[in-house]
Amino acid sequence: MPSEAVSWSGRAPGRVNLIGEHVDYLGGLVLPAAVNRFTEVSGHAAGEWSVESEVPGGLAYVRAIGEELGAEPQDVTVSSQVPPSAGISSSAALLVAVAVGLKPDMDGKTAALACQRAEQRATGVQVGVMDQFASALGRRGCALLLDCATLDYELVPFPDEVAIAVIDSGEHRNLADTPYNQRRREAESGDPKRMRHVQSEIARVRVFVEALRHRDFARMGQLLKESHRSLRDDFEVSTANVDAIVAGADAIDGCYGARIMGAGFGGSILALLDRPKTEQFVSSMHRPVLVCTTADGAYNPR
Ligand code: GLA
């Protein structure tokens, strides 16, 4: 490739969701946090869109966000520490990194909405705004309590003593091949079982935030366990394999609680841990575990 001058670059983090699953696209409350795994991109104007990336499908995302932002075609290079399919939203990190590179002065909320539309366009999956919002506007040392109806948000301090672990279920899937859109339609049409999850999950977000403010880690863990049962039984987005991993994680000393995280249908599991017991937890899990800390979003000053 000819060496051309780099005209822009951007960087954005992945995210975890502490609680508030499958409620963002219904205008519910969610509590994600940006985490310290980043995607970096650089690019320059070119005759057509092209992307150099280890991440499969990168071109569709880059082109979709570029077009949302009204950018000219670009030649883009991607380097990512956000493992694809690990459940910490590598796609949101890529979209937000391109957005901040192309439009660093944009308002973070507007950028998150553009990234959400780009993700929907690139994949056909009618995702909510949570992942892109967290990657854009998360803050180190904090979780982000987001009201998806108004996009008002509040930063809630997240204590250092609690470690955030993301366990890979080994069941990697492309969201477009899952019933994600079907679940969204069922919930939007008011299906009683799906609504029972949605209403109870939003109530759990509120209680979790109170527990977090009072540093009641045991209560936070219980709420994760309740969230998992609701996602398993009422929203039906878990798998037998994930249920077994969650049960295994819950049984390890130092784990406050665990649950399926993100869209589900496989994917990843979140566990909150007593920090000094992290190493022991990771070696007892016998599967890939990412231990994360909270980080600044791309549209927050570093
Ligand atoms: C995916 C979507 C989010 C959200 C979660 C489920 O991560 O991108 O918008 O709907 O699933 O909470």
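This is a predicted model: local features need pLDDT of at least 70, side-chain atom pairs count only at pLDDT 80 or more; totals for chains, interfaces and linings use all residues.
**Stop 1**

Start by colouring residues 3-157 as domain 1 and residues 162-292 as domain 2, the two parts into which the protein is divided. The C-alpha centres of domain 1 and domain 2 are 22 Å apart. Where they touch, domain 1 contributes 35 residues and domain 2 contributes 38 residues.

How much area do domain 1 and domain 2 bury between them? The figure is about 3,000 Å², and 69% of it is on carbon and sulfur atoms. Now select Ile19, Glu21 and His22: together they supply 22% of the area that domain 1 buries against domain 2, more than any other three residues.

**Stop 2: across the interface**

Stay at the boundary and look for paired side chains. Two salt bridges are found across the interface of domain 1 and domain 2. The count of residue pairs in polar contact between domain 1 and domain 2 is 13.

Which elements give two or more residues to the side of domain 1 that touches domain 2? Select strand E1 (8-19), strand E2 (29-45), helix H3 (108-123) and strand E6 (153-157) to see them. The largest share of that side comes from E2, with six residues.

Then show the side chains of Glu21 and Arg259, which meet in a salt bridge with an N to O distance of 2.7 Å.

**Stop 3: more salt bridges**

Zoom out for a moment, since side chains of opposite charge can pair when their charged atoms come close. The structure holds 20 salt bridges, and a few of them are worth a visit.

Select Arg213 and Glu154 next. Their side chains form a salt bridge of 2.9 Å, N to O. This pair links distant parts of the chain, with Arg213 in helix H6 and Glu154 in strand E6, 59 residues apart. Arg213 is partly exposed, with a relative accessible area of 39%, and Glu154 is partly exposed too, at 37% relative accessibility.

Move on to Arg194 and Glu186, whose side chains meet in a salt bridge of 2.7 Å, N to O. Are these two residues buried or exposed? Arg194 counts as buried because its relative accessibility is 9%, and Glu186 counts as buried at 17%.

For the next pair, pick Lys277 and Asp253, joined by a salt bridge in which the closest N and O atoms are 3.5 Å apart. Lys277 sits in the loop between strand E9 (268-274) and H9, while Asp253 sits in the loop between helix H8 (240-250) and strand E8 (255-261), so this pair ties together parts that are 24 residues apart in sequence. Lys277 is partly exposed at 27% relative accessibility, and Asp253 is partly exposed with a relative accessible area of 46%.

**Stop 4: Val207 in helix H6**

Go to helix H6 (residues 192-213) and pick out Val207. Which residues does Val207 touch, leaving aside those up to four places away in sequence? They are Arg219 and Leu223. Val207 and Arg219 are twelve residues apart in sequence, and their C-alpha atoms are 8.8 Å apart in space. Val207 itself is partly exposed, with a relative accessible area of 34%.

**Stop 5**

Select residues 90-102 to bring up helix H2, which has 13 residues. From its first C-alpha to its last, H2 reaches 18 Å, close to the 18 Å expected at 1.5 Å a residue. H2 is mostly covered, with 13 of its 13 residues buried.

Now step to Ser89, in the loop between strand E4 (74-80) and H2. Its phi is near 65°, a positive value in a residue other than glycine. Ser89 counts as buried, at 10% relative accessibility.

**Stop 6: His286**

What is the phi of His286 near? The value is near 55°, which is positive in a residue other than glycine. Is His286 buried or exposed? At 71% relative accessibility, His286 counts as exposed.

Methods:
Residues are numbered from 1 along each chain as its sequence is written. Side-chain values use heavy atoms; hydrogens and water are left out. Helices (H or I, at least four residues) and strands (E, at least two) are DSSP runs, numbered from the N terminus. The expected span of a helix is 1.5 Å times one less than its number of residues. Buried means under 20% relative accessible area, exposed over 50%, partly exposed in between (1.4 Å probe, protein chains only). Domain bounds come from an automatic or database domain assignment. Contact means heavy atoms within 4.5 Å. Buried area is the accessible area (1.4 Å probe) that two parts lose on being put together, summed over both. A salt bridge is a side-chain nitrogen of Lys or Arg within 4 Å of a carboxyl oxygen of Asp or Glu. A polar contact is a pair of N or O atoms within 3.5 Å; within protein, one must be able to donate a hydrogen and the other to accept it, and residues adjacent in sequence count only if both atoms are side-chain atoms.
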